[in-house]
Structures are given as structure tokens and as C-alpha cells.
Amino acid sequence: MNEVMGQMKRMVTYLQGNQSSDGSWRYCFENGIMTDAYMIILLRTLKIHDERLLQQLTQRILERQGQNGAWRWFADEDDGNLSATIEAYYALLFSGVRTKEDPQMKTAEKFIQSKGGLDRAGMLTKVMLALTGNYSWPEVPFVPVEFILIPSTFPIHFFDIVGYTRVHIAPIMLAWDRRFSLKTRYTPDLSDIRLFEETSPISARIGMARSPQYRSLLTSIKKGIQNLPFAPQQLHEAALQRLETFMRERIEPDGLLYSYFSATFFMIFGLLARGYSTRHPVILEAIKGMRGLLCKPNGLIHIQNSTSTIWDTALLSHALQDAGVLPDDPSIQKAGQYLLSKQQDKFGDWKVHNPFTEPGGWGFSDINTINPDVDDTTAALRAIKRLAKGDPKYHQAWKKGVKWVLSMQNEDGGWSAFEKNVDKEIFRLLTFEDFDSVSTDPSSADLTGRTLEFLGRHAGYTVRDQNVRKGVEWLLRHQQKNGSWYGRWGICYIYGTWASLTGLSAVRVKSSHARVQRAMQWLISIQN
């Protein structure tokens, strides 16, 4: 026990020493190489000359190439990932650091060709290639731009797609409508790894399966458009303007769209498709915001897709307090003040499906002011719980946060991440490019379990309370036959199962309950 306590003390001292002056903890939210590659491609395409940054970004990409020439998205992709390899290959050629004749590039080229070339890449990769002049836009967009004009009273509308996907789709719709592309003297020619003819089926060229579900979705959208009281050309121009306005209204103070690098990348091309200059202030401010995402994991420059500052700060402040650091300790006081300043007071898109609740949530990143989520909100509330007992400011923030979390419970009893009741069957039935998994925000075991854990362990709720009872019932309905739960936002089944079990325990579901016992046995059975 003395060894454990000593190690805890060392960790507490380490974390307190790493706290920033504003009270936050700032660590690199490291992703794959896509953001690094896209930054290189963007800077070259816009003719923004920052050779030092380009060189630094290429170093991390080069370090991650596998022996077979491929790059991965995930560590367990032993054979590599085609889209990631195309993006890395393209970016390295764009940078000028590598040519097609370099041995590493030859092995990458061989891998790409062996996997079917550009036409077998993912949809976003193909869109990026089309934007930069190395892929042809299909004549028919995957969804008409007029979709954004359909009112929310119609059975299917733009806000039935979850926010983090909407902000990617909107600029793509703009660019696709104009078949926009921008080539420069820096743009590499990828014709040698385009293995299919341009006349090949649309499903092969853009990754869209013309399934019955997709046709049903288009039929529903067209019916909604036909009900709009304007001439076709008026509708079209109004839709383009609405998409542009949609993006601009969701630009954060630092210039990023919705605080995401990837969405901002596509926004820039969407604005160029609308006639913006490459040196327009909105675009230059977006580039500045993207530069603000630079970090240096393991000594190499990396572009984060977003920062994770709120999440990290909330988790670490709560962990320190659980380790015995008192609420009046300067590290906890500074963290609390930081989190208090980041509680959101603006109505975001979440209000479309939850219109009668005041703001009160927290987001994931420090640059996020309009896109709160349930997980970060409960994490922040855990961190300020002890502070709320003696300070009216924290007490008021606590009440607003708890109210917001409760209001975000879905009609089915579970909790999702960002928006309420955004889980229409038609989108989950779509079969192209994993759109079914990213277009909606369904209730999930990990979110429901952690929300129940917060409500039970920190807010005094039990299974006798209606919100909790509905959440417990949702979990029990969605347990797998083997006793596990599927986790949407983490490493699948272990992630979903620990979150569900801690949630059930916190709201006083007995450990002798048959479902709890089954889950415990499953966890034991899969221990390495």
C-alpha cells in the first residue's frame, strides 16, 4: 500500500507541474496522418509557401510508412489502408520532398495499384482528389443542394444528419454542385494509379451504392423539395446561399468550422466554389486556426483534428480530487475556473431537436463554443462537483449542466453524444462508405452507461428516478447475448461493457442481477 500511495503522490506532483497557467491541461490529441497530409495538400493548392512547416509535416508521414509501402488508419490493419496510403503518397508528391522515383514511393505506388487504385479509395479521399483536380466529379451529386431548404417539420430534413457530419457534407455539396476543382503547378499527376476508366459505374467511382434505401432517401428528399413554393432556379440559388450561410454561422472565433480541421479543409473549398478568393479573410483566418492545431508528439510536428483540452482538464481535475487533492488546492481552483469559463451559453444545433432547454453543456475542445456533448458535460460536472458545494457560481453552473444532460436523453431511454433523437432508420440503412455509422447519433451503451454513472455516483439519482429507470431499461435491452455491450466511441465491447457496468452499479442495480453477472463473466472470459 505504501508503494501505491507513493506512486500516486508522484503522479499528482507530475500532473500539477504540467498544468498550464490558465488552469487547463494541454496534451496532443494525436490522430493518423490524414490531417498532416491534407494540410500539405491545402497549403500547396492555395500557394501558401511555408516550406519549413511542409518539411516538418512530411517527417511524421514518412516515419509511419510500413515495410510494404502502405500507411494505416488503425494499428491492427496489418496490410495497410488504401485511402491513407493514397493521401500520404499524394501529400508527399505535393510537398516536393519525394518524387515518384524514390524507392519508398515506388513501394507505395505498388501497394495502391494492388488494391485497385484511386477508384477503390474511400469517399472523402475521392472528394479531396476531385477538389484538387485528380478525380472527376460524378454528374449527379449524392444529394441535391436543395435538401438544406426542407423545413424541420418534414419527415426527413438536413438536421436529421448529426452535426459533425453536416459540417462536412455542406461544403462538399457546394463544391460538388459546381464540379469545383483547383489545380496548380504543384499538383501531382495521379493518372498512373487510376486503374479504372472514367466511364466506370458511379458506384465504383465515388463509393456510393445505388441501393433501394438510397433511392428511397432521394425520393423522400425530392418530395420535400417539390413542396417548396419557389421556381427550380430560385430554389437552387437559395440552397447554395443557405449552405454558405450554414457554414459561416458555425465558424468558431479561431476561424475553424465547428472546431474541426477536416470540416474546415472542406469549407475552404466550398467557399472557393462560391467564388471566394484564395486570400479572402475568412479563408486566411481558417488557415490560421488550422495552424493553431499544431502539436509535437514524440518530437514530430502533427496537425490535430481538434484539441481535447476540455476533456483532458475535466478528467485530470476529477482524478486529482479522487486521489486526495483538496478542492481548495490551487491546481483544482485553477482547473475549476477554467472549466467554468468554458461552459457554453450559446444555443447550438442541438436545440433543433431539444428546443426547450437552456444551454449548459461543455464541448470537447477549448475552441468549441457551440457544439457541446453529453460526455464532456458529465466529465466537467464531475470535476466541479466539490467546488459547487460552497460557491454560488459553481452551484449555478452545476444546476444548468445537470439540467442540460437530463434534457438530452433520447426518447428510447438512452443517451447519445451530441444531439437528441437523431437516429432515423433511413440513414442507418444506407450502404455507401460507412455513412450509416456517421450520419446519425444513436443512443449508445458507453454514453448511457457513463451518464448513469454520473447521475448515480455524483448527482444522487437512483434506479427509482424516471430518467435513470429508462436508461437502465435501454441498457438491458441492448446487452449482447454473450453479456457484453457494444461501445460506439471506444474500443467496442470492452469499452461498452465497463461503461454499462459502472453505470448500473452507480444507480444501485444489484451486482447479483442476472444481466450484471453475465457481463462480469464475459469480462473475465476475455482477459488475456
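At a relative accessibility of 30%, Cys492 counts as partly exposed, a class that lies between buried (under 20% relative accessible area) and exposed (over 50%), as computed with a 1.4 Å probe on protein chains only. The structure is a predicted model, in which local features require pLDDT of at least 70 and side-chain atom pairs count only at pLDDT 80 or more, whereas totals for chains, interfaces and linings use all residues. Residues are numbered from 1 along each chain as its sequence is written, and side-chain values rest on heavy atoms, with hydrogens and water left out.

One disulfide, defined as a pair of cysteine sulfur atoms within 2.5 Å, is present in the structure. Helices (H or I, at least four residues) and strands (E, at least two) are DSSP runs numbered from the N terminus.

Helix H19 (residues 445–457) comprises 13 residues and spans 17 Å from its first C-alpha to its last, close to the 18 Å expected at 1.5 Å a residue, where the expected span is 1.5 Å times one less than the number of residues. Twelve of the 13 residues of H19 are buried, so the helix is largely enclosed by the rest of the structure; among them are Asp446, Arg450 and Glu453, together with Leu447, Leu452 and Phe454. The buried residues of H19 pack against helix H15 (374–388), helix H16 (392–407), helix H20 (466–477) and helix H21 (492–506), contact meaning heavy atoms within 4.5 Å.

Thr58, located in helix H3 (residues 51–63), is likewise buried, with a relative accessible area of 1%. When its neighbours within four places in sequence are left aside, Thr58 is in contact with Ile40, Leu92, Ser95 and Val97.
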